[in-house]
Amino acid sequence: MSRFLVTGFLFVLVYSLLGQSPYTLHKQFTLEDGLPSNECHDVVQDSLGYIWIATDRGLVRYDGYGFKTYGPGEGLQNISCLALQIDHNNDIWIQTYGFEMYRYLHLNDTIVAYEYNDVIDMEKGNSYFIDFYFSPDQEFYANLHNEGLLKIDKSGNPNFVKKSSDNAEIYILDVFDRSFYCVSDLVKFRSKEEKGNLNTSHIPQIEYVEKIQYKSLRFVGFPDDGITSCSKPFSIIFNKDTTIIRSSGLFHFIENGEHHSTRLDFGTQGLLKVNGAGIITYSLCEEGVKFYNSYEDFKLDLSHPVIEDVTASAVLLDKNENLFVTTLKGGLFYLKKERSIKNIVSDKLINRIIVKDSTIYYLENLNYVKKYDLDSGIDQVIVEGMRCFDFIKDDSLFDLFVCAYPGDVLLMDEDYDSPQSLTGLPFYDTFSSKRVQKLSDEFWILGTHYILTYDFENRKVLFSSFELEKFINVNTIASKIDGNYLLGSRDGVFEFNLDSIKSLSEIHPLFNQRVNDIIPLDGLYYLATLGGGILIWDGQTSVEVLDVEDGLISNNVERLYEKDGIFYACTYSGLSVITFDKGRKVSIENYTTQDGLPSNQIFDVDVVGNTIYAATGRGVVGINSSLSAAKPSKPIIEKVEINNTSYPFPNLESLGYDENNISIEFKALDIDRSADIKYRFKLNDQDWKTSNETKVNFANLSPNEYRFEVKADNAVGDWGDSTLIKFEIHPPWWKSLWFYLVSLVFVGFLFWAYYRSRVKKLKDQAFTAEEMRNLEKSALQAQMNPHFIFNCLNSIQSFIITNEKDLAMDYLSKFASLIRQNLNSSFNQNVSLDAELKMVENYLDLERLRFNNNFHYTIDVQDELDLIDIKIPPLIIQPYVENAVLHGMKGKNGDGVINLNLFKEGQNLVIKIKDDGSGFKTSMNKKNSSLGMSITQRRIALLNNDSSDHYKIETHSTISGTEIKIIIDLSSSR
């Protein structure tokens with residue numbers, strides 16, 4: 001044992017020169033930063049990324065932006081929180097002072113008391129918890145100091161397991177099959193196959209109590225072996241066949257069947273495994289937090305301080321492997337894992353750097369050119385005593401080529417003893433050479449007002465811009481594919497061909513900016529500008545801009561370096577490392593003082609393997625570029641407000657038309673970069689908008705279905721997965737589809753009702769008018785009957801007076817027949833032409849009797865006429881026949897003739913009534929015409945109103961007779 005301690009002591013003497021902790025203090029949070037108390041007891045991280053801290057003044061949640069404290073208002077009646085556990089539902093169990101248990105429900109953001117707190121209080125007696133655990137089945141386990149194990153099932157039934165002896169203690173451990181066992185004091189470890197024997201002389205025997213389901217409060221899994229540590233006061237680490245157990249102030253090491261123990265730090269609370277091999281310990285005895293590089297270092301107590309002189313109550317490695325430490329007096333400490341950045345040489349401003357064969361050549365403060373041997377650590381001055389601006393190393397012709405002021409360029413051999421000035425340079429004393437570049441086999445020297453190319457073999461100038469009439473202040477030169485040169489100057493981009501120079505400002509507005517570097521690669525030109533970021537030009541007309549919106553650390557790029565297709569942008573705000581994938585998607589990783597750089601001023605870089613050597617404002621640093629950035633965090637929707645009122649999320653689905661002023665708060669929980677996280681969001685198919693803000697407002701949204709998406713970036717500018725919210729704003733009821741449908745149906749019904757009403761009214765009007773016309777026609781027709789009857793009765797009376805009984809009887813018989821015909825026709829609007837002619841013929845026979853046969857008549861009917869099918873209005877012919885009898889046959893003595901001729905002309909029926917009377921004058925027509933003719937003309941006028949003038953009467957009268965034509969259009973006869 002003494003040999004072990006002596007060996008450890010000797011090792012400590014040399015160990016202080018080697019290694020260091022991978023963590024640097026980033027921030028200490030206290031009352032002034034938002035914590036409710038500086039007394040913090042425990043810390044955990046949930047699956048979303050929130051950091052939870054148990055304090056004596058409430059449960060605290062940290063999201064990288066600020067703290068939120070939970071107390072009685074949220075359901076935590078006892079605010080003195082001592083320990084935390086996250087269960088399989090991502091809910092948090094809280095042990096408070098007095099050993100009451102509470103549960104934080106993450107879905108409701110509220111806290112509820114454990115329903116069996118009274119059972120705990122009754123069963124624990126005067127003891128206290130060593131540790132507690134909630135299984136996935138909501139079974140509660142608690143290790144009670146000096147008592148044993150308390151189990152309460154989900155129904156509230158307690159089961160108490162007493163420890164076997166005063167010296168024993170019951171713990172919850174994770175062993176080979178990843179299940180939990182309760183054992184007494186120390187553990188006898190065996191493999192699953194029970195192979196091998198352990199020396200148990202110093203280890204109490206196992207007392208198996210109960211197997212508990214996998215996962216415990218204090219274990220945090222890692223991909224390498226899945227097991228790290230169990231916390232206070234018992235600690236355990238598995239590493240293949242290696243186990244560390246802390247118990248009763250001793251650390252027990254069990255490896256490959258052998259066991260030894262030592263007392264390192266009596267106040268150590270627990271162990272935490274990091275980086276696959278490193279170990280962190282934390283102590284309540286103001287020993288702080290320590291880091292051990294390996295298991296071997298831990299056995300020898302070869303530690304590095306992480307935080308000194310604090311009472312550390314708990315530690316947490318977050319998902320990015322940064323470290324949180326709670327203390328009982330100093331609040332919460334946040335330590336960032338370094339990105340493996342270390343200072344190599346000098347603490348002065350470094351302007352230029354070249355790394356060759358384990359040697360760093362660098363220009364310090366524009367005054368000294370030095371070289372530093374990485375193997376030996378020897379730093380040597382090469383050039384001093386003059387103002388230097390740049391240098392280049394070319395082993396084929398010289399060792400160093402140094403641009404100096406005034407007007408001098410030096411060649412240095414490998415011994416650096418006798419620098420040579422170039423000959424034949426057309427410099428003035430006031431001119432300085434500020435940069436040298438090699439293009440193919442040509443060396444170009446760039447000055448304040450000139451450029452030239454030099455032949456080193458013949459020691460002469462091949463070209464000098466002094467030969468041109470006009471030139472510019474050039475910062476960089478690059479070869480162009482067509483054989484010309486590109487110049488980056490204070491005044492923009494120019495094309496140069498040794499004979500002339502022209503500006504390319506017409507290609508893009510940013511080609512007028514100052515250009516500090518131009519790098520051609522794979523047919524593209526990468527231009528580092530001052531103010532415009534990096535321009536990517538295809539040599540023709542296409543220009544892509546890469547700037548801060550894309551993740552570039554600054555738009556003011558001082559120098560651009562390329563190695564293996566990766567670009568390094570040097571700025572006064574830090575270093576941007578730019579990579580392009582096969583699809584030309586860009587990723588940018590930025591390095592600043594927050595990542596361990598001594599200064600944000602980066603003047604130059606060189607890359608060897610996975611190491612970036614950077615010339616900074618405070619020395620040369622090496623950056624391990626093999627570390628990849630953490631995956632972008634998916635934003636969390638923290639709050640939704642509608643019309644300035646909080647709205648439950650994720651119930652944001654169906655909203656009213658007036659719920660259209662929406663505010664959404666979101667956060668990506670990347671504790672490292674909380675203030676630097678960029679967000680992209682869009683609504684529906686709008687363009688992505690980029691911002692550092694964590695809140696977005698949408699005012700007066702119109703009714704529609706909406707998709708809100710938001711995503712966050714990581715340190716290299718990669719965008720993560722989107723968080724999506726879907727919701728629909730419904731239109732007001734008077735603009736809704738159902739309202740339009742109901743309104744359309746209602747309007748249609750009104751139109752239909754109006755139409756029906758209008759049609760009915762028109763039908764009623766038409767029916768009334770028809771009835772009136774029929775009544776009028778019937779009345780007119782009826783007027784003919786008394787007139788005719790009066791004449792016939794006069795004739796019968798005349799026969800009776802003259803005692804002509806036979807004639808009276810014959811006349812009366814014909815008269816009765818005519819009356820029947822007349823009565824039959826008076827009820828019909830139309831009668832057959834045959835019936836009408838029979839009635840006319842009967843009438844003429846009566847009139848012949850009455851006038852003593854003083855006329856005779858003929859009725860001629862065209863053979864084509866169908867007297868039965870042709871229908872005409874009744875009594876339409878008789879009035880004109882009566883007129884011919886009464887007026888045309890007056891004064892005749894048996895020689896009068898009345899002729900009726902019926903025939904067709906086209907579609908018309910023509911009824912011609914002709915007599916051989918004395919005729920009448922037209923002017924006397926109205927006076928001399930019979931009452932029957934007047935009534936008939938009125939009837940025809942009514943008929944034409946119904947039939948569009950399909951009835952016509954033509955009258956022609958001379959002294960030799962009268963002819964009347966009745967023309968009826970048979971195509972419309974009814």
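This is a predicted model: local features need pLDDT of at least 70, side-chain atom pairs count only at pLDDT 80 or more; totals for chains, interfaces and linings use all residues.
1. Start with helices 6 and 7. Helix 6 covers residues 833-850 and helix 7 covers residues 878-888; their axes come within 10 Å and cross at roughly 20°. Angles under 35 degrees count as roughly parallel, so helix 6 and helix 7 are roughly parallel to each other. If you want the hand of it, the crossing is right-handed.

2. Which residues does helix 6 bring to this pairing? Look for Glu 836, Met 839, Val 840, Tyr 843, Leu 844, Glu 847 and Arg 850. On the helix 7 side, they meet Gln 878, Val 881, Glu 882, Val 885 and Leu 886.

3. Next, the salt bridges: the count comes to 26. One to look up is the pair Arg 61 and Glu 638, whose side chains meet at 3.9 Å, N to O. Arg 61 sits in strand 4 (residues 58-62) and Glu 638 in strand 56 (residues 636-642), so this bridge ties together parts that are 577 residues apart in sequence.

4. Where does Trp 738 belong? You'll find Trp 738 in helix 4, which runs over residues 737-801.

How values were computed. Residues are numbered from 1 along each chain as its sequence is written. Side-chain values use heavy atoms; hydrogens and water are left out. Helices (H or I, at least four residues) and strands (E, at least two) are DSSP runs, numbered from the N terminus. Axes are lines fitted to C-alpha atoms, for helices over the stretch in contact, and angles run from 0 to 180 degrees between N-to-C directions. Angles under 35 degrees count as roughly parallel, over 145 as roughly antiparallel, 65 to 115 as roughly perpendicular and the rest as oblique. A crossing is left-handed if the near helix is turned anticlockwise from the far one by less than a right angle, and right-handed if clockwise. Contact means heavy atoms within 4.5 Å. A salt bridge is a side-chain nitrogen of Lys or Arg within 4 Å of a carboxyl oxygen of Asp or Glu.
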